[in-house]
Amino acid sequence: MGLWFDLMYAYKHRDPSCPFVVQYHGRGIKSVDLDRAYERASIAGAGIHTLKHTCCTLMLLAGVHPGDVAEHVGTSEKIIRQHYKNFLPDERAKVGAPLIF
């Protein structure tokens with residue numbers, strides 16, 4: 001159905017007891033050859049920064065507090081709130097039509 005939906009499915013069905021974002025059979029993946037992974041997934045033009053944005057977005061959509069997202073990806077809560085405010089529940093409620101994925 002597309003990469004976004006595949007990522008959402010994988011995130012929603014991850015093992016919550018595993019502290020790793022990337023998992024395989026409930027075990028954390030410590031390193032990934034991104035070039036090989038992109039080639040196998042037929043993804044062109046994505047970099048590590050794209051993965052960071054995807055991670056932040058998925059975590060916020062799942063209801064993770066922006067401070068926890070910031071700590072997880074190594075940035076400040078202020079930056080998370082500035083860059084991802086459209087994905088925060090209080091901001092989405094302001095426009096009256098929350099995003100549904």
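**Entry 1. Surroundings of Ala 70**

I began with the contacts of Ala 70: leaving aside residues up to four places away in sequence, Ala 70 touches Thr 75, Ser 76, Glu 77 and Ile 80. I note here that the model is a predicted one. Next I looked up the position of Ala 70 and found this residue in helix α4. Is Ala 70 buried or exposed? I recorded a relative accessible area of 3%, so Ala 70 counts as buried. I also took the separation of Ala 70 from Arg 81, which is 11 residues away along the chain; their C-alpha atoms lie 9.2 Å apart.

**Entry 2. The salt bridge**

I then turned to Arg 81 and its charged partner. Arg 81 forms a salt bridge with Glu 77, and I read 3.0 Å between the closest N and O atoms. I found 1 salt bridge in the structure. How many residues separate Arg 81 and Glu 77 in helix α5? They are 4 residues apart in this helix, which covers residues 77-83, so about one helical turn lies between them. I checked the exposure of both partners. Arg 81 has a relative accessible area of 33% and is therefore partly exposed. For Glu 77 the value is 30%, so this residue is partly exposed as well. Glu 77 is also one of the residues that Ala 70 touches.

**Entry 3. The nonpolar core**

I looked up which residues make up the largest nonpolar core. This core has 10 residues: Cys 55, Cys 56, Met 59, Leu 60, Val 69, Ala 70, Val 73, Ile 80, Tyr 84 and Leu 88. The elements giving two or more residues to the core are α3 and α4, the latter spanning 66-73. I noted that α3 gives the most, with 4 residues. Ala 70 and Ile 80, both members of this core, are also in contact with each other.

**Entry 4. Helix α3**

I went on to α3 itself. The buried residues that I listed in α3 are Thr 54, Cys 55, Cys 56, Thr 57, Leu 58, Met 59 and Leu 60. I compared the length of α3 with expectation: its 14 residues, 48-61, should span 20 Å at 1.5 Å a residue, and the end C-alpha atoms are 20 Å apart, so the two agree. Just after α3, I found Gly 63 with a positive phi of about 95 degrees.

**Entry 5. A nonpolar surface patch**

Which residues make the nonpolar surface patch of about 280 Å²? I identified Tyr 24, Ile 29 and Val 32. I placed Ile 29 in the loop between β2 (27-28) and α2 (34-41). With a relative accessible area of 30%, Ile 29 is partly exposed.

**Entry 6. The chain as a whole**

I counted 6 helices and 2 strands, and from the N terminus on the elements follow the order α-β-β-α-α-α-α-α. Of the 101 residues in the chain, 20% are buried. The accessible surface comes to about 7600 Å², and carbon and sulfur atoms account for 56% of this area. For contacts between residues at least 6 apart in sequence, I noted that 38% join residues at least 24 apart.

Conventions: Residues are numbered from 1 along each chain as its sequence is written. This is a predicted model: local features need pLDDT of at least 70, side-chain atom pairs count only at pLDDT 80 or more; totals for chains, interfaces and linings use all residues. Side-chain values use heavy atoms; hydrogens and water are left out. Patches are made of residues with over 30% relative accessible area and no salt bridge: like charges are joined within 9 Å, nonpolar side chains (Val, Leu, Ile, Met, Phe, Trp, Tyr) within 5 Å. Accessible areas come from the Shrake-Rupley method with a 1.4 Å probe; for residues, only the protein chains shown count as cover. A salt bridge is a side-chain nitrogen of Lys or Arg within 4 Å of a carboxyl oxygen of Asp or Glu. Buried means under 20% relative accessible area, exposed over 50%, partly exposed in between (1.4 Å probe, protein chains only). Contact means heavy atoms within 4.5 Å. The expected span of a helix is 1.5 Å times one less than its number of residues. A nonpolar core is a set of buried Ala, Val, Leu, Ile, Met, Phe, Trp, Tyr and Cys residues joined through side-chain atoms within 4.5 Å.
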